[in-house]
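This report describes selected features of a protein chain. The sequence and the structure are shown first.

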Amino acid sequence: MPHHGPDSTPDHRPDSTPDHRPDATPESGRRVSLWLWTSLGLFAACVPCALLVVEKLGSALSPVPLVLAVLAALAGYVLAVRAVAGEWFGQRPRRSRMLLWSAATVLFLGSVAVLLVFRPPPPPLARMSGALDVAVAGFAAESGRQDRQVLDDVAVTFAHDMAARISTATGVRSYAGEAPLPLAQLADAPRGALEHKTARFADETNAEIVVGGLVREDRAGQITLRPAVYIRADQIPDSPELTGWFLGEPVLVARGWESARARAQLTGELTRRIDALTQFVDALDTWRNGSPADAGRTLTALLDAEQRHNDRGFVPPDLVRLFHGHVLEDQASGESGPSRERLLEQARSDYLAIGPDSPTGRRAALSLQGNAYRRAIGPTHSCKPGTVRAAELAQVSKALRVLAADHGMTELGRLKAHVNLAQVEQCRITARAVKDDGTVERAVATVRTAPDLTGASDLRAFAESIAAVNAAGRGDPAAAVDRIRAAIAQGQDPLQRAIWHGLLASWSFELCDLATGRTAQQDALTQLAAAQQAGRADSALVRRNEEAFAAELRRAEERCGKADRTDRTDRTGRTGNTDKER
């Protein structure tokens with residue numbers, strides 16, 4: 001039998017000697033690998049929460065890096081879970097593996113949800129504090145390859161030039177690169193998302209006007225900028241045509257952005273257009289606050305400037321003419337004789353200069369009827385019998401009925417037609433030219449139930465005041481009091497409210513409600529004082545009203561006192577007769 005030495009046995013070969021180090025066993029390697037994959041999974045699951053901590057500490061992340069970081073974490077997380085599932089759950093039932101993946105998915109989604117829910121909001125935009133502030137939102141590329149930084153630089157330069165040249169703007173600031181507005185949607189017909197986001201942007205920055213635009217570059221390198229402006233509805237309630245976003249005439253930059261002179265010419269032209277727009281908005285505000293003469297001078301200057309620049313501004317010349325006519329009519333209300341007739345005729349000429357095909361044509365037609373009404377009632381404004389031209393009032397009433405039913409007009413325009421119709425019909429009733437056939441009440445009811453539009457509040461107030469006069473004419477002072485209270489609750493003009501408080505006092509005295517009458521007289525004087533402070537009433541008018549109120553109160557006290565004594569005497573007499581009968 002052959003002899004085998006100790007070194008020749010398989011169990012004693014040097015290279016077969018087992019290594020007893022614990023870290024070299026397969027089981028130990030698997031444990032290390034398992035712990036590594038588990039750590040990686042937990043780390044990946046916690047990445048979204050870590051990003052939240054980073055942002056909380058002040059390092060805001062833009063959306064693109066944030067999404068990339070979350071996707072990278074998700075990829076590592078999936079690999080880690082897959083490795084762990086293979087090591088621990090490879091021989092387990094399929095249900096166990098599904099539970100593992102479900103728990104892992106919930107963990108990661110929960111981490112992402114924490115990031116999204118508790119992520120700090122972006123830093124607030126700088127807020128302006130003036131009454132007519134302009135915000136430059138920047139410019140967007142419509143076609144061609146545009147450098148974003150160059151467009152932002154142009155916006156900043158434009159804002160700087162406007163701040164130096166536009167006196168009517170209380171503040172100008174560039175938000176280029178900050179404003180989260182999708183300005184590329186200016187090229188689209190429906191701009192719902194853009195309008196909504198711009199409204200929020202305007203509220204946050206307190207901007208009354210927002211400026212933007214679209215930039216297009218052709219193959220030759222010529223650049224065309226289509227400027228656009230956004231005006232808040234509360235700034236021009238009388239001009240719904242200008243609210244929201246609208247594009248202006250394009251401006252050509254022949255040599256591109258490289259030319260400093262071309263940039264200067266561009267910003268100069270844009271500044272001129274925005275200056276005209278801010279002057280128009282300021283003129284309307286001046287007119288609404290009772291200074292028609294000042295507003296008229298501004299509008300006249302705008303008309304002259306539009307003729308020089310070939311109607312390339314943001315404000316249509318016909319719209320300027322329309323309000324120029326309104327301002328002249330307000331000036332005429334404080335005049336009499338030839339001066340009043342001259343102003344009304346000038347206003348009529350403004351309305352007639354607006355063609356029927358103009359976007360402002362229907363509004364001009366409505367204003368023409370208002371002008372005809374003023375001419376027909378004369379300077380007294382009383383509508384007393386014998387003081388009006390009844391035939392002209394009848395023609396105005398007929399035309400207003402047609403305009404009120406014209407669906408080509410805006411909804412606000414039709415409401416104005418209904419209010420004017422109620423006013424004209426009430427004047428005809430007061431002048432005893434016609435009998436009350438319910439037209440006034442129907443027109444007022446239409447205005448009362450109309451949707452809540454910008455600019456409709458003043459119309460409702462005026463309509464309720466007409467309904468109050470109508471009720472008083474029917475011999476129903478209680479209904480007149482209710483209607484005039486509704487007018488006061490919605491009106492803002494101090495001079496108009498002074499008149500309405502005076503009517504409330506008169507009708508309250510008629511009902512022998514002396515407490516309400518006294519309070520209404522004091523409210524009327526308070527409104528007159530505010531009008532005087534604004535330059536819309538003089539001290540003589542306030543003094544005349546004080547004297548008239550005092551005389552009216554004395555008469556009411558005497559009449560109602562006598563009525564009260566008579567009532568007491570009647571009650572005493574009836575009580576005595578009853579006692580005798582007993």
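Predicted model: local features only at pLDDT ≥ 70, side-chain atom pairs only at ≥ 80, totals over all residues.

Is cysteine 512 buried, partly exposed or exposed? Cysteine 512 is partly exposed, with a relative accessible area of 32%.

## Overall composition

The chain contains 18 helices and 7 strands. Of its 582 residues, 42% are buried.

## Packing of helix 10 and helix 12

Two packed helices are described by the angle between their axes and the distance between the axes. For helix 10 (residues 361-377) and helix 12 (residues 411-430), the axes come within 11 Å and cross at roughly 15°. Angles under 35 degrees count as roughly parallel, and helix 10 and helix 12 are therefore roughly parallel to each other. Their crossing is left-handed.

On the side of helix 10, the contact is made by Arg363, Leu366, Tyr373 and Ile377. Helix 12 contributes Gly413, Lys416, Ala417, Asn420, Gln423, Val424 and Cys427. By class, the residues of this contact comprise 6 nonpolar, 3 polar and 2 charged.

Threonine 205 belongs to helix 5, which spans residues 192-205. The relative accessible area of threonine 205 is 0%, and the residue is buried. Leaving aside residues up to four places away in sequence, threonine 205 touches Leu125, Ala126, Arg127, Met128 and Tyr175. One of these, tyrosine 175, is 30 residues from threonine 205 along the chain, with a separation of 9.6 Å between the two C-alpha atoms.

Asparagine 206 is found in the loop between helix 5 and strand 4 (209-217). Its phi is near 65°, a positive value in a residue other than glycine. Buried residues have under 20% relative accessible area; asparagine 206, at 14%, is therefore buried.

## Cysteine 512

Where is cysteine 512 placed in the chain? Cysteine 512 lies in the loop that runs between helix 16 (494-510) and helix 17 (514-533). Although not a glycine, cysteine 512 has a positive phi of about 60°.

How values were computed
Residues numbered from 1 in each chain as written. Heavy atoms only, no water. Helix = DSSP H or I, 4+ residues; strand = E, 2+ residues; numbered from the N terminus. Buried < 20%, exposed > 50% of the residue type's maximum accessible area, 1.4 Å probe, protein only. Axes fitted to C-alpha atoms, helices over the stretch in contact; angles between N-to-C directions. Parallel < 35°, antiparallel > 145°, perpendicular 65-115°, else oblique. Left-handed = near helix turned anticlockwise from the far one by under 90°. Contact = heavy atoms within 4.5 Å. Nonpolar A, V, L, I, M, F, W, Y, C, P; charged D, E, K, R; others polar.
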